[in-house]
Amino acid sequence: MSQEIEIEYKNLLMMEEYDQIHRFLPFNSVELFEQTNYYFETADLKLREQGSALRIRKKNTRWTLTLKQPHEDGLLETHDTLTDEEANLWIQNKPMDKPHVSRQLQELGVDLGDLEFLGSLTTRRKELEYEGTTVVLDHSLYYDREDYELEVEAPSQSKGTEVFQKILKECKIPQRKTDNKIKRFYDAKLQSD
């Protein structure tokens, strides 16, 4: 099955803090790329109630369907690859059965026919390997909002905490409670409705 445990640490940033981390680490040597997340949910928010989220991500020319679920060590991510045609059908509220994600959705009691496309969030991203982790700087745009974020993706909680705290301390940035992108997207959508 196409699954992985995601261990990541996040901190929302002011634009000046984003620039500060960009200077602190060698982000000038990595390319900026853009990706768009397309979010799905049931009318009764069945995924959200269970702490889960469903998205399709378009990165370059590749489409990936991902279900994120709570896991004791982080988030359990289940993936399926989509063709251009399949992704477009999903976005038109005509979801197609996919082996890995569909099985997980069934376990959550979510029928494909109940899913609705909610909207999209576009992120301009830079990633680099740093001390055994992947450090990410994101600039995200959705509805009438934009935000900046630091993410540290790590192989273990101890390594993630160590690197995350080091970057914040060296750049003198306060740690902030940071909701994930889908939660920020939902909040913006509710306020725009």
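**Close-up views of the protein**

Figure 1. Lys172 is exposed, because its relative accessible area is 73%, and an exposed residue is one over 50%. The model shown here and in the other views is predicted. Lys172 sits in the loop that runs between helix 5 (157-170) and helix 6. The phi angle of Lys172 is near 55°, which is a positive value in a residue other than glycine.

**Figure 2. Tyr143 between two strands.** The loop between strand 8 (133-142) and strand 9 (145-153) contains Tyr143. Although Tyr143 is not a glycine, its phi is positive, at about 50°. Is Tyr143 buried, exposed or partly exposed? Tyr143 has a relative accessible area of 37% and is therefore partly exposed; the class covers values between the 20% limit for buried and the 50% limit for exposed.

**Figure 3. Helix 6 and its buried residues.** Helix 6 is made of 12 residues, numbered 181-192. From its first C-alpha to its last, helix 6 reaches 16 Å, close to the 16 Å expected at 1.5 Å a residue. Which residues of helix 6 are buried? They are Lys181, Ile182, Arg184, Phe185, Tyr186, Ala188 and Lys189. In an α-helix there are 3.6 residues a turn, so residues three or four places apart point the same way.

Figure 4. Asp187 belongs to helix 6. With a relative accessibility of 22%, Asp187 counts as partly exposed, because the buried class takes in values under 20%. Residues up to four places away in sequence aside, Asp187 touches Arg48, Arg145 and Asp179.

**Figure 5. Gln69 in strand 5.** Strand 5 (residues 62-71) includes Gln69. What is the relative accessibility of Gln69, and how does the residue count? The value is 10%, so Gln69 counts as buried. When residues up to four places away in sequence are not counted, Gln69 touches Ser52, Gly74, Leu75, Leu76, Thr78, Gln104 and Leu108.

**Figure 6. Asn93 between helix 3 and helix 4.** Asn93 is part of the loop between helix 3 (84-91) and helix 4 (99-107). Its relative accessibility is 41%, and Asn93 therefore counts as partly exposed. Which residues are in contact with Asn93, leaving aside its neighbours within four places in sequence? Those residues are Leu115, Glu116 and Phe117. Phe40 and Asn93 are 53 residues apart in sequence, while their C-alpha atoms are 9.1 Å apart in space.

**Figure 7. The whole protein, for orientation.** The protein has 6 helices and 9 strands. Along the principal axes, its C-alpha trace spans about 50 × 35 × 30 Å. The radius of gyration is 17 Å, which agrees with the value near 16 Å that a compact globule of 193 residues would have. Of the 193 residues, 49% are buried. Contacts between residues at least 6 apart in sequence include 61% that join residues at least 24 apart. The protein exposes about 10000 Å², and carbon and sulfur atoms supply 47% of that area. There are 27 positive and 38 negative charges, and the mean positions of the two sets are 4 Å apart.

Notes:
Residues numbered from 1 in each chain as written. Predicted model: local features only at pLDDT ≥ 70, side-chain atom pairs only at ≥ 80, totals over all residues. Heavy atoms only, no water. Helix = DSSP H or I, 4+ residues; strand = E, 2+ residues; numbered from the N terminus. Rg over C-alpha atoms; globule rule 2.2 N^0.38 Å. Buried < 20%, exposed > 50% of the residue type's maximum accessible area, 1.4 Å probe, protein only. Contact = heavy atoms within 4.5 Å. Areas by Shrake-Rupley, 256 points an atom, 1.4 Å probe, with all protein chains shown as cover. Lys, Arg positive; Asp, Glu negative; His and termini not counted. Charge placed at Lys NZ, Arg CZ, Asp CG, Glu CD. Expected span 1.5 Å × (residues − 1).
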